[in-house]
Amino acid sequence: MNYFEAIANLKKKGLSSLYLISGEESYLANKFEKAVIKKTFPGNNTDGIQILSTEASVDEIVNSVESMPFFSEKNLIIVRNSTLFKERKNANEKQANRNEEKLIQLFSDMPTYSILLLVTVDKIDKRRKLYKAIDKHGIHVEALPIKARDIKDWLQNKLYEIHREFSREAYEYFIEATSVMAQISLGYLEQEFEKLTLYTDKTRIEKEDLIKVFSSIPEVSIFAMLDAISEKKLKQALVLLEEQLIAGEHPLRLITMLSRHTRQLLQVNVLLKQGATSRQIAESLGVVPFIAEKLMKKSRSFRQEVLQQVLIDLAEVDYQLKSSQADCIALERIIINLCSE
């Protein structure tokens with residue numbers, strides 16, 4: 001289950017004796033680990049926490065789990081950066097199998113006074129017996145990078161945590177701005193929300209508040225540039241492009257973002273001609289409905305052949321920049337062509 005499902009499960013059904021947290025989104029992995037700690041030790045008596053190193057042997061893990069707690073009602077054993085799920089290379093096959101069987105036996109008969117939490121960034125092979133034992137007797141939490149279309153779940157939880165709410169305009173601005181991010185860094189967004197709480201003590205956050213606080217996020221500034229291009233505001237688009245370059249944004253990153261946006265406009269353009277509804281377009285692009293509706297409105301201002309040519313031109317400029325055959329003027333020309341279309 002994903003992080004949000006796991007949190008809901010923790011609140012509804014309580015603690016499991018066995019958890020596996022896997023995935024590269026360390027922010028979500030850390031948040032879930034803290035939630036388990038809080039649930040296990042509601043009185044903040046954390047004497048029962050034992051953190052084992054990456055090199056901890058299987059026997060050490062088993063002994064820690066089976067040892068009776070001394071200073072608390074439960075033991076919480078956390079193995080961070082666990083290597084138990086890595087592919088076996090140059091390993092003693094017999095010993096590895098014995099270790100795996102020990103763990104499978106432990107997982108099938110966990111003592112009621114212990115909770116074992118395994119954390120790894122490694123990709124999990126769900127065909128292995130070790131994983132199947134965890135899946136049967138415990139809970140697997142996947143801490144994967146969040147996609148733009150799922151950010152609303154995180155946003156709802158975050159606003160609840162900081163006791164704030166967004167106006168409709170602020171909500172739409174945030175969702176649309178994050179929709180241009182190729183990969184969302186929740187840790188970075190967390191920092192920006194901390195700035196937001198320092199910037200204003202208002203319970204209701206308005207769009208203007210977000211613009212002032214989030215303007216330092218590169219993707220938000222790029223979003224403003226893409227928005228200006230979509231509305232064919234040439235002067236504003238070129239000013240925003242220059243600001244990005246002066247701020248140190250790499251032209252290749254701008255090309256990537258502009259290519260993605262142009263491709264979305266082209267997809268919407270094609271789907272509209274096929275008679276697709278806004279809901280169908282939203283599902284096809286993996287965005288929320290109101291963003292699909294905005295893309296539909298924007299795409300109607302561009303001819304399909306122009307968008308196709310822009311994608312070709314962007315690919316060419318991308319190649320030329322990588323081979324030092326072009327400069328940022330080529331990118332300016334593409335923006336001029338888009339806005340003048």
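This is a predicted model: local features need pLDDT of at least 70, side-chain atom pairs count only at pLDDT 80 or more; totals for chains, interfaces and linings use all residues.
Residues are numbered from 1 along each chain as its sequence is written, and side-chain values use heavy atoms, with hydrogens and water left out.

The C-alpha trace spans about 75 × 50 × 40 Å along its principal axes. Of the 341 residues, 48% count as buried, where buried means under 20% relative accessible area, exposed over 50%, and partly exposed in between (1.4 Å probe, protein chains only). The chain exposes about 18600 Å², and carbon and sulfur atoms supply 49% of that area; accessible areas come from the Shrake-Rupley method with a 1.4 Å probe, and for residues only the protein chains shown count as cover. Among the contacts with a separation of 6 or more, 77% involve residues 24 or more positions apart, a contact being heavy atoms within 4.5 Å.

Next come the empty spaces. Rolling a probe the size of a water molecule over the atoms shows where empty space is left. On a 1 Å grid over the protein atoms alone, a cavity is a set of points where a 1.4 Å probe fits but cannot get out, while a pocket is an open set with protein on both sides within 12 Å along at least five of seven lines; lining residues have an atom within 4 Å of a point. Grid points are joined across faces, edges and corners, and a volume is the space filled by probe spheres set on the points. By this rule the count comes to one cavity of 30 Å³ or more. Among the lining residues are Glu176, Phe223, His261, Ile291 and Lys298. By class, this lining has five nonpolar, three polar and four charged residues; Ala, Val, Leu, Ile, Met, Phe, Trp, Tyr, Cys and Pro count as nonpolar, Asp, Glu, Lys and Arg as charged, and the others, Gly among them, as polar.

The largest pocket has a volume of about 650 Å³. Its lining is made of 17 residues, of which Tyr3, Ile7, Lys11, Ala35 and Glu161 lie nearest its centre. Helices α1 (3-13), α2 and α6 (151-161) each supply at least two residues of this lining, which divides into nine nonpolar, one polar and seven charged residues.

Helix α2 (residues 26-40) has 15 residues and reaches 21 Å from its first C-alpha to its last, close to the 21 Å expected at 1.5 Å a residue; the expected span is 1.5 Å times one less than the number of residues. Its buried residues include Tyr27, Phe32, Ala35 and Thr40. Helix α16 (residues 328-340), with 13 residues, reaches 18 Å, close to the 18 Å expected. Ala330, Leu331, Ile334, Ile335, Leu338 and Cys339 are buried in α16.

Several single residues complete the picture. Serine 167 sits in the loop between β6 (165-166) and α7 (168-178) and is buried, with a relative accessible area of 0%. Leaving aside neighbours within four places in sequence, serine 167 is in contact with Arg204, Ile205, Glu206 and Lys207. Threonine 197, in helix α8 (residues 186-199), counts as partly exposed at 27% relative accessibility; with the neighbours within four places again left aside, it is in contact with Ile162 and Arg164. Glutamate 66 belongs to helix α3 (residues 58-66) and is partly exposed at 47% relative accessibility.

Most residues other than glycine have a negative phi, and most peptide bonds are trans. Asparagine 81, in the loop between β3 (75-79) and α4 (93-108), has a positive phi near 50°. Lysine 232, in the loop between α10 (218-230) and α11 (234-246), likewise has a positive phi, near 60°, and is partly exposed, with a relative accessible area of 25%.

Key. Helices (H or I, at least four residues) and strands (E, at least two) are DSSP runs, numbered from the N terminus.
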